[in-house]
Amino acid sequence: MARVSSDTATEPKPRQADASQPWRRRLRGFGYAARPQPSVTERLVPPYPEPSGRVWAALGVGPARAEKLSRASGWLGPILVALFAGLMRFWHLGQPRAVIFDETYYAKDAWSLLKFGYEGNWPKNANDKILDIPQQIPLSHEASYVVHPPVGKWMIAVGEWMFGLNPFGWRFAMAVLGTLSVLMLCRIGRRLFRSTLLGCLAGGLMAVDGLHFVMSRAALLDLVVMFWVLAAFGCLLIDRDKVRERLAAALPRSPDDGRVRPDADVAQRLGLGWRPWRLAAGVCLGLACATKWNGLYILAAFGLLTVLWDVGARRTAGAGQAYRTVLRRDAGPAFLSLVPVAVVVYVASWAGWFASGNGYFRNWADGRSTSYGWIPGPLRSLWHYHSQVYDFHVGLTSGHTYQSNPWSWLILGRPVSYFWDDPKPGTDGCASDASQNCAREVLALGTPLLWWLACAALVYAVWRWALRRDWRAGAIVCGVAAGWVPWLMYQERTIFYFYAVVFVPFLCLAVAMLLAAIAGPPSATERRRTLGVVMAGVLVLLIVWNFIYFFPIYTGQTIPREAWQARMWLGSWV
């Protein structure tokens, strides 16, 4: 069969395509539509639209300056969104002045790592002594048994090193990571959608998500996992663009019009060369795994994702056997760029434990005869430690007041209360003439309207991926599935809703994609665009209002008891 030699060639007639591929006719009944076929270059590397200076011109800015501001908007917009998110996250960060929820573990472990390089032991009344004035820090050199790797605690320790062992100090790093993750999501969304507006919309949605907000103000580990997972996704996204640019540059041009055309020989034989961004993704995924082990599932999912992206790139470039080509030329380097790199980073994260002589199980292998004696004793001790931790995790079935089934996460079935107090009238900001006690709570709850809209957005993303062959929707679905689906396999384990913060960025990307669809394509009629933009804008304003309404119970503010009760929309939130 003759190969199409130019990307300007006409498409086959629909009737001919249907005759050769009858599955297309059947899928069209479910909404399937073949992708439009732009030029090969545009398919490999979609261009960013030229920035428009109309908004700046409408504000009275001169043409030259308007053009500069428009071109700077790719960074200016995300930075402004991140500043907005940062101001909220650092506002009264030290309040409540208490050790909330699992800060009782990680804040103290971080201080111990800072002092000893391993987790020491604390007495039961340590929290009270730490918060006392004057402060007491009753840390013992005796090693403590902990069940999570050290990276997240080392990051918490940075804030404690700067500001001391106090609520602001142990929450500082989380607020920084929360702010930076909003900036990253704006830029990732811009690259994914080729739209600064949609990128900033996705970042803005995460800035006003209650779960991300609360986790950015508490010294827990899951936000650290989310940060490194999002960074890894961004690295792989850049790698995807770089590889496709390399392919596009290597393809031959048509002698007729000089446009790039597909070429099977180039697409199947070209080596994709040095890929530093994929190595960077391996480092980020290693840091995610070295914070909590659920990063392993995301490592596997993202490894598959980057290989499938290579398949798509080679197929677009003209490879007739894209899967075979990728398995032969790209799968091995992809594995080496991600898995061994992540393993090295993970083991290196235990450097403090290796350097100490007193860490938990540090000397377990000393004097023990084994057939694996050729492996250095510290590595055998670390392996034994991990086997014990694995047994703990899979056997963790004890009940907890705030545990939840992962099936209920997307609909906010059971959020987690990090802090609760009921001030009496006349104390802690409670009005002296109040008829009953007031309420103070820090509730790890996603902004309800955002999460419920995200349920519809995920359905839309699956449809876009399965029937419209939209790779962007597939990437979003992959991110959500990698962070959520593995927990469905542990129905008997004690699991909490706040684990879902890992896939919050991908929910926000899904909602941004849905809102763009509601607004309508630029080619739509003016009436359709007007109605769509108004509808999308109303949804965004409702989400922002919803965040403002729940703000008091995200930040532990004192409010009347009836105002707190009014915010308990579902009985399972109490």
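# Briefing on the predicted model

Pro 134 is located in the loop that runs between helix H7 (126–131) and strand E2 (140–143). The peptide bond joining Ile 133 to Pro 134 is cis, with omega about 0°. The structure is a predicted model. It contains 12 salt bridges, and a nonpolar surface patch of about 700 Å² is also present. The points below cover backbone geometry, helix packing, salt bridges, the nonpolar patch and selected residue positions.

**Backbone geometry**

- Most residues other than glycine have a negative phi, and most peptide bonds are trans.
- A cis peptide bond is found from Gln 95 to Pro 96, where omega is near -5°. Pro 96 belongs to the loop between helix H5 (63–90) and helix H6 (103–116).
- Phe 361 is not a glycine, yet its phi is positive, at about 65°. This residue, Phe 361, sits in the loop between helix H18 (351–355) and helix H19 (377–394). With a relative accessible area of 23%, Phe 361 is partly exposed.
- Leu 412 likewise has a positive phi, of about 60°, although it is not a glycine. Leu 412 falls in the loop between H19 and strand E3 (416–421). Its relative accessible area is 1%, so Leu 412 is buried.

**Packing of helix H14**

- Helix H14 (residues 276–289) and helix H17 (residues 331–348) have axes that come within 7 Å and cross at roughly 40°. That angle makes H14 oblique to H17. The crossing in which H14 passes H17 is right-handed.
- H14 also packs with H15, at an angle of about 160° and with the axes 8 Å apart. The two helices, H14 and H15, are therefore roughly antiparallel to each other. H14 passes H15 in a right-handed crossing.

**Salt bridges**

- Arg 191 and Asp 241 form a salt bridge in which the closest N and O atoms are 2.7 Å apart. Because Arg 191 lies in helix H9 (residues 167–193) and Asp 241 in helix H12 (residues 222–250), the pair ties together parts that are 50 residues apart in sequence. Arg 191 counts as partly exposed, at 23% relative accessibility, whereas Asp 241 counts as buried, at 5%.
- Asp 222 is paired with Lys 292 in a salt bridge whose closest N and O atoms are 3.0 Å apart. The pair links distant parts of the chain, with Asp 222 in helix H12 and Lys 292 in the loop between H14 and helix H15 (295–317), 70 residues apart. Both Asp 222 and Lys 292 are buried.
- Arg 275 forms a salt bridge with Asp 239, and the closest N and O atoms are 2.6 Å apart. Here too distant parts of the chain are linked: Arg 275 is in the loop between helix H13 (264–269) and H14, and Asp 239 is in helix H12, 36 residues apart. Arg 275 is buried, with a relative accessible area of 7%, and Asp 239 counts as buried at 3% relative accessibility.
- A network of salt bridges links Asp 239, Arg 275, Arg 278 and Asp 310.

**Nonpolar surface patch**

- The patch of about 700 Å² is made by Ile 411, Trp 452, Val 534, Val 538, Leu 542, Trp 545, Trp 569 and Leu 570.
- Helix H23 (residues 526–555) supplies the largest share of the nonpolar patch, namely four residues.
- Leu 542, one of the patch residues, lies in helix H23. Leu 542 counts as partly exposed, at 39% relative accessibility.

**Selected residue positions**

- Met 568 lies in the segment after helix H24 (561–566) and is buried, with a relative accessible area of 8%. Met 568 and Phe 550 are 18 residues apart in sequence, and their C-alpha atoms are 9.7 Å apart in space.
- Trp 154 is placed in helix H8 (residues 151–163). At 31% relative accessibility, Trp 154 counts as partly exposed. Between the C-alpha atoms of Trp 154 and Ile 298 the separation is 21 Å, and these residues are 144 residues apart along the chain.

Conventions
Residues are numbered from 1 along each chain as its sequence is written. This is a predicted model: local features need pLDDT of at least 70, side-chain atom pairs count only at pLDDT 80 or more; totals for chains, interfaces and linings use all residues. Side-chain values use heavy atoms; hydrogens and water are left out. Patches are made of residues with over 30% relative accessible area and no salt bridge: like charges are joined within 9 Å, nonpolar side chains (Val, Leu, Ile, Met, Phe, Trp, Tyr) within 5 Å. Accessible areas come from the Shrake-Rupley method with a 1.4 Å probe; for residues, only the protein chains shown count as cover. A salt bridge is a side-chain nitrogen of Lys or Arg within 4 Å of a carboxyl oxygen of Asp or Glu. Buried means under 20% relative accessible area, exposed over 50%, partly exposed in between (1.4 Å probe, protein chains only). Axes are lines fitted to C-alpha atoms, for helices over the stretch in contact, and angles run from 0 to 180 degrees between N-to-C directions. Angles under 35 degrees count as roughly parallel, over 145 as roughly antiparallel, 65 to 115 as roughly perpendicular and the rest as oblique. A crossing is left-handed if the near helix is turned anticlockwise from the far one by less than a right angle, and right-handed if clockwise.
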